[in-house]
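Here is a friendly briefing to read beside the sequence and the model. Please keep both in view as you go through the topics.

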Amino acid sequence: MKNVVVVGSQWGDEGKGKIVDWLSEQADVVVRFQGGHNAGHTLVIDGKVYKLKLLPSGIVRSDKISVIGNGVVVDPWALLDEIEQITKQGVIVSEKNLILAETASLIMPFHREMDEIREDSAGKGKIGTTRRGIGPAYEDKVGRRSIRVMDLKSESNLSNRLEIVLEHHNAIRKGLKKKEFKKDDLMKDLLTIAPEILKFSQPVWRKMDQFRNEAKRILFEGAQGILLDVDHGTYPYVTSSNTVAGAAATGTGCGPNLIDYVLGITKAYTTRVGEGPFPTELNDEMGELLGKRGNEFGTVTGRKRRCGWFDAVLVRQTVKVSGISGIALTKLDVLDACPEIKMCIEYELDGKKLDYLPAAAEDQARIKPVYKTFPGWMKSTVGTRNYEELPQEAKIYLSELEDFIETKISSISTSPEREDTILVENPFLI
């Protein structure tokens, strides 16, 4: 059985929900391995819309096991709220089909507030976070002061852990003239929800080894996109976790040899939410057209996405950084109304040509895209399920795209509907 990692090859919002839904139907186990409730997946199954944030996409299918790995930071209140909401839609969530890593770090109320305080005071230097406490929670994890799921089992241990983390946060809050958090209030709130959280808690690394021995087909579900990776993205305008495929191993406690195929979800143009460099951004009518046709608004935040032409330099870079085996190209139909289509094939910086994105933020902000222009097809590709039925101009664009990013196209999406997909190869069956 093949095990597949799904990652976004751009800045997120590539349309992973549809692809992950299709793959999760074939998987036995679906695993989230990084991020938090700052990234959403929208699934449409039998006409019913499910909007997920923390829960893996497999949760909507009763015969799948869903896992939240140790690499995820978990807001326990948000998790319980999401479970409640999806239960109202008829989905059964129990300890039989949902597993939460006992070593996952928790997002606390002071993390959310610190996220807001920093973003509001940053001015022009703001990152564009979702203000859900993700970054501060990861900071505490690295600082070895976070509260983890397992800490909810022992009142004395929880008290000790809270004392340690509040010593740090209240000192900062005092300096900012903000009200300090009281340990007893947090203790009470956490102990109230502890039984509901702990019933899902297990050592995920052991479960992953069990799944391997049972030859289960595993789908590793990434959040955000590779260009938001804290090490390999457009730093500092990034998320606080590793979003590359390698994080699937560290974020669940399995070896990298458990991964057989890396699928990079890739939009046929480029979008970005929040602040940060965007070499191919279009601040004109074409950018508006792409946004309108692509319905470019964030699943979680509702924020309007910035739109631009396909940046093949960036995608080629993320293909190499994440070991992508093939890409699932989404939203090809959005380009149907473009008289001509452009693809960024290199950059220019101070008169010099570059074939990669420089690491320095100031250089990223100054680079100029160099485009190759293609004739548009000006015909509807909506609902196309056979490659041969695509317009010749679309085939040329796709062929050039595939050659430039140096990896194959495994599927092409031609509408939000799951069935409207041209399947070149099934990652589980390679």
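Which residues of strand 15 are buried on one side, and which on the other? Gly326, Ala328 and Thr330 are buried on one side and Ile327 and Leu329 on the other, with both faces of the strand covered. Here buried means under 20% relative accessible area, exposed means over 50%, and partly exposed lies in between (1.4 Å probe, protein chains only). This is a predicted model, in which local features need pLDDT of at least 70 and side-chain atom pairs count only at pLDDT 80 or more, while totals for chains, interfaces and linings use all residues. Residues are numbered from 1 along each chain as its sequence is written, and side-chain values use heavy atoms, with hydrogens and water left out.

**The sheet**

- An open sheet of 10 strands runs in the order 9-7-5-2-10-1-11-15-19-20, with mixed pairing. Helices (H or I, at least four residues) and strands (E, at least two) are DSSP runs, numbered from the N terminus, and two strands pair if DSSP finds at least two bridges between them.
- At the edges are strand 9 (201–202) and strand 20 (421–423), each of which pairs on one side only.
- Helix 1 (residues 16–26) packs on this sheet and touches several strands, among them strand 1, strand 2 (29–32) and strand 10 (218–221). The direction of helix 1 makes about 175 degrees with that of strand 1; axes are lines fitted to C-alpha atoms, for helices over the stretch in contact, and angles run from 0 to 180 degrees between N-to-C directions.
- Strand 1 (residues 4–8) is joined to strand 11 (residues 261–267) by parallel pairing over 5 bridges, and glycine 8 has isoleucine 265 as its bridge partner in strand 11.

**Strand 15 and its partners**

- Since 5 of the 5 residues of strand 15 are buried, the strand is largely enclosed by the rest of the structure.
- Strand 11 pairs with strand 15 in the parallel sense over 5 bridges, and lysine 267 stands opposite threonine 330 in strand 15.
- Strand 15 also pairs with strand 19 in the parallel sense, over 4 bridges; there, glycine 326 has lysine 408 of strand 19 as its bridge partner.

**Salt bridges**

- The count comes to 29 salt bridges, where a salt bridge is a side-chain nitrogen of Lys or Arg within 4 Å of a carboxyl oxygen of Asp or Glu.
- Glutamate 163 and lysine 183 meet through their side chains at 3.4 Å, N to O. Glutamate 163 is partly exposed at 49% relative accessibility, and lysine 183 is partly exposed at 23%.
- Lysine 372 and glutamate 400 form a salt bridge with their closest N and O atoms 3.0 Å apart. Lysine 372 is in strand 18 (residues 368–375) and glutamate 400 in helix 12 (residues 392–405), so this pair ties together parts 28 residues apart in sequence.
- Both ends of that pair are partly exposed: lysine 372 has a relative accessible area of 33%, and glutamate 400 is at 30%.
- Glutamate 425 and lysine 408 form a salt bridge, with 3.4 Å between the closest N and O atoms. Glutamate 425 is buried at 14% relative accessible area, whereas lysine 408 is partly exposed at 36%.
- Asp13, Lys267, Glu296, Arg305 and Lys331 are linked in a network of salt bridges.

**Nonpolar cores**

- The largest nonpolar core has 103 residues, of which Phe220, Leu335 and Tyr397 touch the most other members. Such a core is a set of buried Ala, Val, Leu, Ile, Met, Phe, Trp, Tyr and Cys residues joined through side-chain atoms within 4.5 Å.
- Leaving aside neighbours within four places in sequence, phenylalanine 220 is in contact (heavy atoms within 4.5 Å) with residues including Val4, Val31, Met208 and Ile259.
- Another core, of 13 residues, lies apart from it and includes Val20, Ala27, Leu219 and Phe428.

**Helices 3 and 4**

- In helix 3 (residues 109–121), the buried residues include Phe110, Met114 and Ile117, and their cover includes helix 4 (134–142), helix 5 and helix 6.
- The buried residues of helix 4 include Ile134, Tyr138 and Asp140, with helix 3 and helix 5 among what covers them.
- Arginine 144 follows helix 4 and has a positive phi, near 65 degrees.
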